[in-house]
Structures are given as C-alpha cells and as structure tokens.
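Welcome! Take a moment to look over the sequence and the structure below, and then we can walk through a few of the details together.

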Amino acid sequence: MEKLTLAEAKRLNDTMVTEEHLKLHAANVSACMGAMAEHFGADKEHWEAVGYLHDYDYEKYPEEHLAHTEEPLRAAGVPEEDIRAILSHGYSIVNDVKPETEMEKSLFTVDELSGIIQAAARMRPAGITDMDIKSFMKKWKNKKFAAKCNRPLILQGCEMLGMDIQEVAEICIKGMKDHAQELQLTGNGQ
C-alpha cells in the first residue's frame with residue numbers, strides 16, 4: 001500500500017483488538033492525531049490512521065507491547081514510515097525507537113494525553129462539547145486525577161514538539177470535539 005488509510009487502519013486493528021475500551025482509545029488517539037496533523041499542515045487522514053493503529057498488538061500482548069507489531073504490519077503492506085511511527089510511541093517505555101518526525105513526536109505525546117482529556121470530558125454534563133482549556137488544565141494539575149496517565153511522558157513529548165502542554169491539549173480537545181459522538185463524549189445520555 002502506498003499510504004495507510006483510516007479504513008485500512010480500522011480493518012487491521014479489528015483483526016487484533018476486540019475490547020471496546022481499546023477501540024475507543026484508538027479512536028481518541030486518532031482524533032488527536034488528526035488535529036495535530038492540521039496544526040502541522042500535514043495529511044490529516046494519514047495521521048488519524050497511524051493514531052488508530054498505534055496499539056495494534058496491545059490487547060493480545062500487553063506485557064510485550066509493540067513486540068508483535070512490526071512484522072504483521074509489514075506483511076500487511078503498511079509503509080515503513082508508519083510502522084516506525086507506531087513503534088516510536090513506545091520510546092523509553094518498551095523500546096528505543098526515538099520519535100523524530102512531527103508525526104512520531106505527536107503520537108508519543110497524545111497517546112497518554114488523550115486519556116486525561118477523555119477522563120476530564122466524562123466528568124462534565126455536556127462531555128467534551130463545551131470543554132475549554134482552562135477546565136482541562138485544572139484537571140491536569142491535579143496529579144490524582146487520571147493518575148495512571150503518565151504526565152512526565154506527556155511533558156517529554158511536548159518538549160520534543162517544542163510546544164507547551166496547554167497548546168497541545170488545546171489542539172487535542174478541538175480534535176476530540178470534532179468526533180464527540182463517535183468518542184462517546186457528548187455528555188449525559190450521549
């Protein structure tokens with residue numbers, strides 16, 4: 001394949017991922033990646049596709065995350081640059097594939113960040129639809145809120161991007177707002 005499409009990413013992901021919360025995480029990261037692509041003037045759908053496929057092997061191999069990604073995706077015809085981007089989100093956690101491109105740095109950053117945004121949106125009556133950066137930053141500063149999301153890793157990613165957390169979060173919130181229905185973040189009763 002010349003370029004990974006969102007439809008192909010979803011098809012491939014569905015061959016490995018069955019748990020709804022993992023599919024929802026893939027969609028959250030995809031929405032953030034699309035917004036980051038727009039910020040950098042890149043191909044939105046392509047970045048969304050890479051974001052959607054980033055945890056391809058996680059459900060089946062949580063203890064060996066990303067160790068069962070490269071060969072199957074290569075065999076499926078996923079371009080090398082996309083495989084490398086996916087692998088790079090595990091930098092310093094499970095591998096030493098350092099994020100170098102804007103796409104790789106963005107994926108590294110938004111993977112965890114999307115979880116905090118999702119958690120914050122779920123606390124709001126109107127979900128993400130009326131969330132602003134100020135209300136997000138209050139949640140961000142509370143280390144007990146969404147405590148499993150790795151804030152130092154997110155900040156490391158922001159530093160790689162040459163951006164601050166507020167700027168990246170604002171971009172991601174907008175991206176997730178654009179997909180609020182699909183992400184089940186429209187508030188009470190959906």
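## The model

Please keep in mind that this is a predicted model.

## Where two helices cross

Let us start with helix α2 (residues 20-40) and helix α9 (residues 165-177), whose axes come within 8 Å and cross at roughly 115 degrees. The crossing of α2 and α9 is right-handed.

On the α2 side, the contact is made by N28, A31, C32, A35, M36, E38 and H39, while α9 brings in E167, V168, I171, C172, K174, G175 and M176. Sorted by class, the contact of α2 with α9 has eight nonpolar, three polar and three charged residues.

## Aromatic pairs

The count of aromatic pairs comes to three. One of them joins F40 and W47: the ring centres are 6.1 Å apart and the planes lie at 40 degrees, so the pair is tilted. F40 is partly exposed, with a relative accessible area of 23%, whereas W47 counts as buried at 6%.

Another pair is F136 with W140, where the centres are 6.4 Å apart and the planes are at 35 degrees, so this pair is tilted. F136 and W140 are four residues apart in helix α7 (residues 133-141), and therefore about one helical turn separates them. F136 is buried at 0% relative accessibility, and W140 is buried at 6%.

## Charges over rings

Elsewhere, the charged end of K10 sits over the ring of Y52, 5.5 Å from the ring centre.

Note on methods
Residues are numbered from 1 along each chain as its sequence is written. This is a predicted model: local features need pLDDT of at least 70, side-chain atom pairs count only at pLDDT 80 or more; totals for chains, interfaces and linings use all residues. Side-chain values use heavy atoms; hydrogens and water are left out. Axes are lines fitted to C-alpha atoms, for helices over the stretch in contact, and angles run from 0 to 180 degrees between N-to-C directions. A crossing is left-handed if the near helix is turned anticlockwise from the far one by less than a right angle, and right-handed if clockwise. Contact means heavy atoms within 4.5 Å. Ala, Val, Leu, Ile, Met, Phe, Trp, Tyr, Cys and Pro count as nonpolar, Asp, Glu, Lys and Arg as charged, and the others, Gly among them, as polar. Rings of Phe, Tyr and Trp (its six-membered ring) pair if their centres lie within 6.5 Å; planes under 30 degrees apart count as stacked, over 60 as edge-to-face and the rest as tilted. Buried means under 20% relative accessible area, exposed over 50%, partly exposed in between (1.4 Å probe, protein chains only). A charge sits over a ring if NZ of Lys or CZ of Arg is within 6 Å of the ring centre and within 35 degrees of the ring normal.
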